[in-house]
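Please keep the view open as you read.

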Amino acid sequence: MKIIHSDKLPAPGGHYSPAVLSGNHLYISGQLPISLDNPQPRGDLAEQAHIVFSNIDALLATENIDKCHLINVQIYLCDVALWPELNRLYAEWMGDHRPARTVVPCSALHYGALLEVSAIAEITLS
């Protein structure tokens, strides 16, 4: 097991790793809309989703892969009314790639975030 960090992301605020490489899978912990420039979630869903997706892209880049390697994505969304916009933003980010996905409507997320996203990517070992 290899712990993955990115210098493009803030240090974790709890007892966890941003991502873990195990075998040929990269497990990305739940990403909140927090970045080096944005230490607290703010803005609308589009702004927050952009930060979350950028965080995932940064963690994938540590292993020289991109979102086309994602095989499973889990999204926690604080308001089911935001689902259509989330779906649009997600499709823009993902393009033609369609990994398995789960969206879980929930009542509240840490720091008042509108969404949190975790993912699993498959890496081709050479």
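Asn-72 has Ala-100 of E5 as its bridge partner. This is a predicted model, so please read what follows as a description of that prediction. The two strands concerned are E4, which covers residues 70–77, and E5; they pair in the parallel sense over six bridges.

Now step back to the whole sheet. Six strands form an open sheet in the order E1-E2-E3-E6-E4-E5, and the pairing is mixed. At the edges you will find strand E1 (2–4) and strand E5 (100–105), each of which pairs on one side only. From one strand to the next, the twist averages 15°.

Next, turn to the helices. Helix H1, made up of residues 45–61, lies across E1, strand E2 (19–22), strand E3 (25–31), E4 and strand E6 (115–122). Its direction is about 150° to E3. Helix H2 (residues 83–94) lies across E4, E5 and E6, and runs at about 150° to E4.

Let's finish with a residue in a loop. Ser-6 sits between E1 and E2. Is Ser-6 buried or exposed? Its relative accessible area is 11%, and because buried means under 20%, Ser-6 counts as buried. Which residues is Ser-6 in contact with, leaving aside its neighbours within four places in sequence? They are Ala-58, Leu-59 and Thr-62.

Note on methods:
Residues numbered from 1 in each chain as written. Predicted model: local features only at pLDDT ≥ 70, side-chain atom pairs only at ≥ 80, totals over all residues. Heavy atoms only, no water. Pairing = 2+ DSSP bridges. Helix = DSSP H or I, 4+ residues; strand = E, 2+ residues; numbered from the N terminus. Axes fitted to C-alpha atoms, helices over the stretch in contact; angles between N-to-C directions. Contact = heavy atoms within 4.5 Å. Buried < 20%, exposed > 50% of the residue type's maximum accessible area, 1.4 Å probe, protein only.
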